[in-house]
Amino acid sequence: MTSPLHPETLAIRGARAGSGYGEHSQALFLTSSFTYDTAEEARALFLGETEGFTYTRTANPTVSAFAARMAQLEKAESGVATASGMAAIQATLMALLQAGDHVVTSKSLFGTTIGLLNTLPAYGIEVTFVAQTDVSAWQAAMRPNTKMLLLETPSNPLGEIADIVALAQMAHAAGALLAVDNCFCSPALQQPIALGADLSIQSATKAIDGQGRVMGGAVCGSAALIEIIFKHVRTAGQIMSPFNAWVLLSGLETLYVRMEKQCANALILAQWLQTCPQVEAVYYPGLPEHPQAELVRQQQSAGGIVVTFAVKGGQAEAWQVVDALNIFSRTGNLGDVKSTVTHPFTTTHARVEPAEKIATGITPNLLRLSIGLEHIDDLRADLQQALDQL
């Protein structure tokens with residue numbers, strides 16, 4: 001090809017290496033180990049003097065294909081696939097930080113990510129939490145030993161946007177790295193590395209799969225950084241399974257068309273929820289009224305598939321809506337073709353202290369919707385009948 005391929009094409013054709021049998025579908029190498037013709041070949045393979053595969057915990061053709069295709073879509077030099085999104089975050093932190101280092105991160109992270117960061121002081125790594133949208137707060141938190149800035153944008157569940165370009169410049173001026181959790185957007189809507197980030201992290205369990213089937217994660221970035229993270233992943237046994245990689249490669253093939261339709265549905269529902277008398281507030285990056293609408297336009301190609309709203313009342317009213325829904329699945333997952341509903345205060349952020357949740361806007365009356373591919377009229381009617389019961 002004389003010109004670069006579009007991402008929609010790379011999602012289907014990228015990093016595709018056949019087995020020699022001429023298969024049209026992606027090959028699945030469901031094996032724990034690989035054989036060699038001679039002892040000398042084994043020695044060279046194990047020392048990395050020649051390219052090849054020895055043991056699936058260290059590398060597997062199907063897993064490598066997924067990691068390579070993710071890197072192409074994220075506009076990165078390289079990528080590594082992990083067993084889950086949390087494994088991707090943990091591997092990034094443990095591979096690139098050491099005792100005496102300092103991390104600046106957002107208060108608006110996913111609850112489990114906050115829990116993971118709270119374990120770092122036990123390893124001698126300091127953590128400072130700041131307001132996601134306040135660039136000056138990030139700057140004020142920087143120290144001489146700051147080695148990483150970590151955030152997710154849009155945030156879970158309120159859709160707060162971090163200024164990737166500004167934070168990347170800040171990090172690099174201090175000799176630190178910027179790592180971005182890109183889970184809510186996926187590379188279909190946002191490429192943090194193209195905006196200056198050093199690493200883009202994914203929970204492939206979400207939109208990459210798109211059908212709630214398997215777990216997976218990915219980290220993409222420069223070849224040098226990914227090599228360090230990869231060594232940790234293979235040694236710690238955090239590698240993605242070949243079967244999961246095979247399923248996720250299939251998920252990538254439909255990612256762009258799914259996200260386009262799901263984002264369109266999400267925008268319609270967000271705008272409609274704004275008109276409902278039972279709704280106190282709507283949080284969706286695609287709304288013109290979003291406080292960071294201009295930044296959204298600069299960083300994302302669409303508002304995303306997650307719509308969060310607060311019902312008038314408290315937890316009892318929020319639970320009443322959850323229990324009354326018929327089409328929306330009551331589950332903690334997101335990014336699925338099946339629309340889902342979650343009460344963040346008592347599920348995804350259940351282990352975060354109540355005062356901390358409320359301080360970051362995660363209140364008892366808040367509901368998070370992940371919008372799927374059902375007909376928009378059916379989704380709206382289901383929400384209408386649930387709200388009408390309040």
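Val-127 is partly exposed, its relative accessible area being 22%; buried means under 20%, exposed over 50% and partly exposed in between, with a 1.4 Å probe and protein chains only. The model is predicted: local features need pLDDT of at least 70, side-chain atom pairs count only at pLDDT 80 or more, and totals for chains, interfaces and linings use all residues. Residues are numbered from 1 along each chain as its sequence is written, and side-chain values use heavy atoms, with hydrogens and water left out.

Val-127 belongs to strand 3, residues 126–130; helices (H or I, at least four residues) and strands (E, at least two) are DSSP runs, numbered from the N terminus. Leaving aside residues up to four places away in sequence, Val-127 touches His-102, Val-103, Thr-105, Leu-117 and Leu-120, where contact means heavy atoms within 4.5 Å. Asp-101 is 26 residues from Val-127 in sequence, and their C-alpha atoms are 8.8 Å apart.

## The whole protein

The protein contains 14 helices and twelve strands. Its radius of gyration is 21 Å, close to the 21 Å given by the globule rule for 390 residues, so the protein is as compact as a globular protein of that length. The radius is taken over C-alpha atoms, and the rule is 2.2 Å times the number of residues to the power 0.38. Of the 390 residues, 54% count as buried.

The largest nonpolar core has 62 residues; such a core is a set of buried Ala, Val, Leu, Ile, Met, Phe, Trp, Tyr and Cys residues joined through side-chain atoms within 4.5 Å. Helix 3 (residues 61–73) supplies the largest share of this core, seven residues. Apart from it lies another core of 28 residues, including Trp-272 and Leu-379. In soluble globular proteins, nonpolar side chains tend to be buried together.

## Backbone features

Most residues other than glycine have a negative phi, and most peptide bonds are trans.

| Peptide bond | Omega |
|---|---|
| Thr-153 to Pro-154, cis | near -5 degrees |
| Asn-156 to Pro-157, cis | near 10 degrees |

Pro-154 is placed in the loop between strand 4 (146–152) and helix 7 (164–173), and Pro-157 lies in the loop between strand 4 and helix 7.

Ala-15, not a glycine, has a positive phi of about 50 degrees and is partly exposed at 24% relative accessible area. Ser-186 has a positive phi of about 65 degrees, but this residue is buried, with a relative accessible area of 0%.
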